[in-house]
Amino acid sequence: MAPSSGFWPGKRVLVTGHTGFKGSWLSLWLQSLGASVHGLALEPPTAPNLFTEARVREGMTSAIGDVRDYETVFRTVVAFQPEIVIHMAAQPLVRLSYSEPVATYATNVMGTVHVLEAARQAGCVRALVNVTTDKCYENREWEWGYREDEPMGGHDPYSSSKGCSELVTSAYRRSFFQENGIALASARAGNVIGGGDWAADRLVPDILKSFEKNQPVIIRNPHAVRPWQHVLEPLSGYLALAERLYGESGRHYAEGWNFGPHHDDARPVQWIVEYLVNSWGGEAAWRLDNDKHPHEANYLRLDISKARSRLDWAPSWPLSTALGKIVAWQRAWLGKQDVRQLCQQQIAEYAQSLNTGAR
């Protein structure tokens, strides 16, 4: 189901990480739903970036600050008085976590502690969604999807920091939030893709950058399988979950949730590259990078049975549609079209697909 048009108008929503790729898309969607949105994040992490290109700031209030600083987080929560918090601020890159492990743990673990503690002390928050990742699970490289009750783990600093964030969430829920009326859940999504992502060391942005320069795409691990999904897919899950958490029976939804693609959309990297090469046309091509690189998981899927049965949530856009939307978005951006309008159009198209059950 699409987010409820009757639920969100006027709701005070704090989004941490709103200047990032996912945070910008979520902020635009919340604005279109009529929510009163406030953001807390560092400056946009890349140039160009979606936050600037889509003029996300125009429809919300925005504070630049670091979730590693508890006083900054606490003052923000007290000043804005949010009813709903969606915590997305993170160091989100596996390979960067190898070179910056301390900053990764400080942001992803203590940043989570600071957001939860500020919500506990402020007395205004009713629902809180902590966004982690599919990589929080102890990856055994098996071919079936991980369920929400699988053990946390992580080979690299990024993955283990998100597993730690899940443990922090569970401890705060059981130690504090069950008694003070805050419904706290965590959300674990797959590899999100979409227009407006310029992050380093991410597959689709790297592919599009190479296309623009008429250079072959350099691929590290063509056989790695990931649960690819358009960014609007998990965001719809976060919104559905926040709605349930806010309700009178919110404590029944205060747990971990997977928001991933359909099973057949977990594809190897090579499939993604070749699909985009064919879609882009021209001289687009790719080649294999034979250099040594830090460890990355080879096989990862999510089991979304729980979200499907209890939240009535399911992915709507198949992978081919998601990739088509990305190519269309990129071509429109290169053609100097209005990016805010472009994003709002794709959000509306996605919401319509939820209402019609199109796939």
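Predicted model: local features only at pLDDT ≥ 70, side-chain atom pairs only at ≥ 80, totals over all residues.
A residue is called partly exposed when its relative accessible area falls between the buried range, under 20%, and the exposed range, over 50%. Asp201 sits in the loop between strand 7 (191–193) and helix 7 (203–212), while Arg220 belongs to the loop between strand 8 (217–219) and strand 9 (225–230), so the pair links parts that lie 19 residues apart in sequence. Elsewhere, salt bridges with shared partners bring Arg55, Glu58 and Asp338 together in one network.

The model holds 13 salt bridges in total. Among them is the pair Glu117 and Arg120, whose closest N and O atoms are 3.0 Å apart. These two residues are three positions apart in helix 5 (residues 101–122), which means that about one helical turn separates them. Glu117 counts as buried, with 15% relative accessibility, whereas Arg120 is partly exposed at 28%. Another salt bridge joins Arg68 to Asp66, with a closest N to O distance of 2.8 Å; here Arg68 is partly exposed, at 38% relative accessibility.

Side chains of opposite charge can pair when their charged atoms come close. Glu243, by contrast, is buried without a salt bridge. Glu243 lies in helix 8 (residues 232–246). Beyond its neighbours within four places in sequence, Glu243 is in contact with Pro3, Ser4, Phe7 and Trp8.

Three strands form an open sheet in the order 7-9-11, with mixed pairing. Strand 7 and strand 11 (266–268) are the edge strands, each pairing on one side only. From one strand to the next, the twist averages 50 degrees. Strand 7 pairs with strand 9 in the parallel sense, over three bridges, and Val192 stands opposite Gln229 in strand 9. Helix 8, the helix that holds Glu243, packs on this sheet and touches strand 7 and strand 9; the direction of helix 8 makes about 70 degrees with that of strand 9. Helix 11 (residues 319–334) lies across strand 7, strand 9 and strand 11, and runs at about 45 degrees to strand 7.

Methods. Residues numbered from 1 in each chain as written. Heavy atoms only, no water. Helix = DSSP H or I, 4+ residues; strand = E, 2+ residues; numbered from the N terminus. Buried < 20%, exposed > 50% of the residue type's maximum accessible area, 1.4 Å probe, protein only. Lys, Arg positive; Asp, Glu negative; His and termini not counted. Salt bridge = Lys/Arg side-chain N within 4 Å of Asp/Glu carboxyl O. Contact = heavy atoms within 4.5 Å. Pairing = 2+ DSSP bridges. Axes fitted to C-alpha atoms, helices over the stretch in contact; angles between N-to-C directions.
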